[in-house]
Amino acid sequence: MSAFVTLANSFYASYRVQRQLLIDNTLEENRVYATKLAASTEQFIKSMQKQLAYSAVIAASHFDDPAVLQSETARLKYQTDSFNSVVITNSQGKVLATSPDSLQLVGHVLTTQGALEALKERRPLISKPYISAAQNLVIVISTPVFTADGKYLGYIGGTIYLKQKSILNELLGEHFYRDGSYITVLDEDRRILYHRDPNRIGEVMPPRPMTEVVKTATNGSLMVEGAAGEMLAGYAVVPSSGWDIVTLRPTDATLKPLDGLMVKVLKHLTPLAVLTLIFVWLFSRLIARPLWLLARNANEMDNPDVSLNIRDIPSWYFESNQLKRALLIGISLLQKKIGKLKFEAQTDPMTGLFNRRGLAMTLESVAQVRQQFSVIALDIDDFKSINDSYGHDVGDEVIKSMAEQIRHNARETDILCRVGGEEFLVLLPRTALAEAEMIAERLRENVESLVLPGIRPITISLGVAHWHYLQGEPDTSLKRADEALYKAKQDGRNRVVVSLE
């Protein structure tokens with residue numbers, strides 16, 4: 001099951017990584033694409049404004065010549081095909097020339113939104129969408145006409161039809177994706193200027209994360225909910241007009257290649273997975289058999305022959321051999337000490353730590369298995385003054401707090417003992433001397449920073465020693481730890497001294 005779950009997790013993780021990678025790549029592609037379109041649109045708008053500005057200079061010199069004005073509107077309309085129509089008005093909005101002639105607006109006074117705004121502002125403008133005099137939904141790019149001495153004569157404007165064929169449609173309609181992606185253009189009021197569905201042009205979008213986020217950044221990308229489901233959007237702003245160009249691609253279309261990709265991964269993974277599971281099953285049986293036999297015999301410890309049965313179990317790898325050895329030692333100790341290992345007889349009632357009897361039993365077990373260990377001997381500095389100053393009840397609370405600090409800093413395998421009034425011992429199995437010194441120093445620092453309500457700060461002195469079975473009896477290490485503790489007291493207390501013998 002572990003191997004199967006690992007393989008399944010690996011497959012799922014691969015799926016999630018590939019899925020996110022496709023989404024991130026698409027978001028970045030859409031952002032870049034939208035930014036490129038915005039840059040192209042910006043260049044095109046500036047080009048149209050330059051054309052209008054050039055024509056405004058010519059018109060200013062011949063503002064009283066209808067033929068020149070008509071010729072200039074025709075040139076703007078047909079030379080670059082940038083505008084659907086071109087118009088020149090005087091300062092009161094009266095049309096002086098227009099192209100194409102079919103509009104028949106010459107002599108009319110324009111009262112449309114774009115005309116009124118151009119006459120009022122008298123500066124280059126890009127209007128918001130409005131219904132023109134010819135009943136078309138348009139935007140107007142206009143430039144004022146001034147004489148050389150600064151007199152305002154009127155304006156010249158080019159219109160772009162939003163719902164008919166126009167340069168905007170040609171510029172944005174060349175969309176090379178064929179996977180459900182599309183482009184839309186919004187003005188600053190969230191009104192749609194361009195959409196693949198002409199019926200939606202002119203519609204005002206409601207406030208949504210997509211329409212709101214473009215107000216705070218020049219370009220970016222995000223995931224949005226659309227009418228067709230979740231979409232991956234990239235957006236960019238056209239600086240001169242404030243338009244937002246948004247490219248959208250359905251998330252489903254982006255993730256469509258993922259299924260085929262994961263099928264290929266699964267095809268390559270399955271043979272290896274099957275072989276892995278077979279080998280894992282075989283080896284798990286081989287590994288588990290000695291453990292199963294050891295467990296079965298552990299349930300029969302009252303059997304006189306259990307030790308012989310355990311010795312006959314084949315333990316071909318290190319861990320099972322160690323378990324077998326530990327079980328034999330445990331059975332031997334159990335049979336010899338069954339009447340002696342009573343919890344109450346080995347525990348200090350005040351602190352719950354081992355007492356001297358518990359310590360002796362532990363040392364005897366350690367000596368039998370020849371397990372090296374380190375030992376920390378410690379006691380509370382000037383504990384007698386605490387009893388004298390605050391009373392024995394407070395002294396008992398200090399001892400209990402000390403025991404809690406030892407527990408907090410000890411590991412699960414450590415043996416904790418209270419061997420006297422304010423004296424404690426900590427046995428650290430399979431622990432090197434340097435590591436034991438670090439543990440002792442950490443305990444000393446924690447006690448030094450301990451705050452006990454109503455009692456002065458307390459400190460401890462500690463002695464550290466190490467025992468190896470080649471060094472004789474384990475008791476020797478306790479004596480060396482006590483000597484190191486005594487030296488710590490002599491050297492000024494609140495310190496750790498290590499016995500290096």
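**Note on the predicted model: overall form and salt bridges**

1. A compact globule of 501 residues would have a radius of gyration near 23 Å, yet this chain has 45 Å. The radius is taken over C-alpha atoms, and the globule rule is 2.2 Å times the number of residues to the power 0.38. Along its principal axes, the C-alpha trace spans about 125 × 65 × 35 Å.

2. A word on the source. This is a predicted model, where local features need pLDDT of at least 70, side-chain atom pairs count only at pLDDT 80 or more, and totals for chains, interfaces and linings use all residues. Residues are numbered from 1 along each chain as its sequence is written, and side-chain values use heavy atoms, with hydrogens and water left out.

3. The chain has 14 helices and 16 strands. Both are DSSP runs numbered from the N terminus: helices are H or I with at least four residues, strands are E with at least two.

4. Of the 501 residues, 44% count as buried. Buried means under 20% relative accessible area, exposed over 50%, and partly exposed in between (1.4 Å probe, protein chains only). Among contacts with a separation of 6 or more, 57% come from residues 24 or more positions apart. Contact means heavy atoms within 4.5 Å.

5. The structure holds 19 salt bridges. A salt bridge is a side-chain nitrogen of Lys or Arg within 4 Å of a carboxyl oxygen of Asp or Glu. Side chains of opposite charge can pair when their charged atoms come close.

6. Take Glu28 and Arg31. Their side chains meet in a salt bridge (2.7 Å, N to O). They sit 3 residues apart in helix α1 (residues 2-61), so about one helical turn separates them. Glu28 is partly exposed at 38% relative accessibility. Arg31 is partly exposed at 22%.

7. Arg249 and Glu29 also form a salt bridge (3.7 Å, N to O). Arg249 lies in strand β11 (residues 243-250) and Glu29 in helix α1, so the pair ties together parts that are 220 residues apart in sequence. Arg249 is buried, at 7% relative accessible area. Glu29 is partly exposed, at 39% relative accessibility.

8. The side chains of Lys384 and Asp388 form a salt bridge too (3.0 Å, N to O). These residues are 4 apart in helix α11 (residues 383-390), so they are separated by about one helical turn. Lys384 is exposed, with a relative accessible area of 62%. Asp388 is exposed at 55% relative accessibility. Elsewhere, salt bridges that share partners join Asp379, Asp381 and Lys489 into one network.
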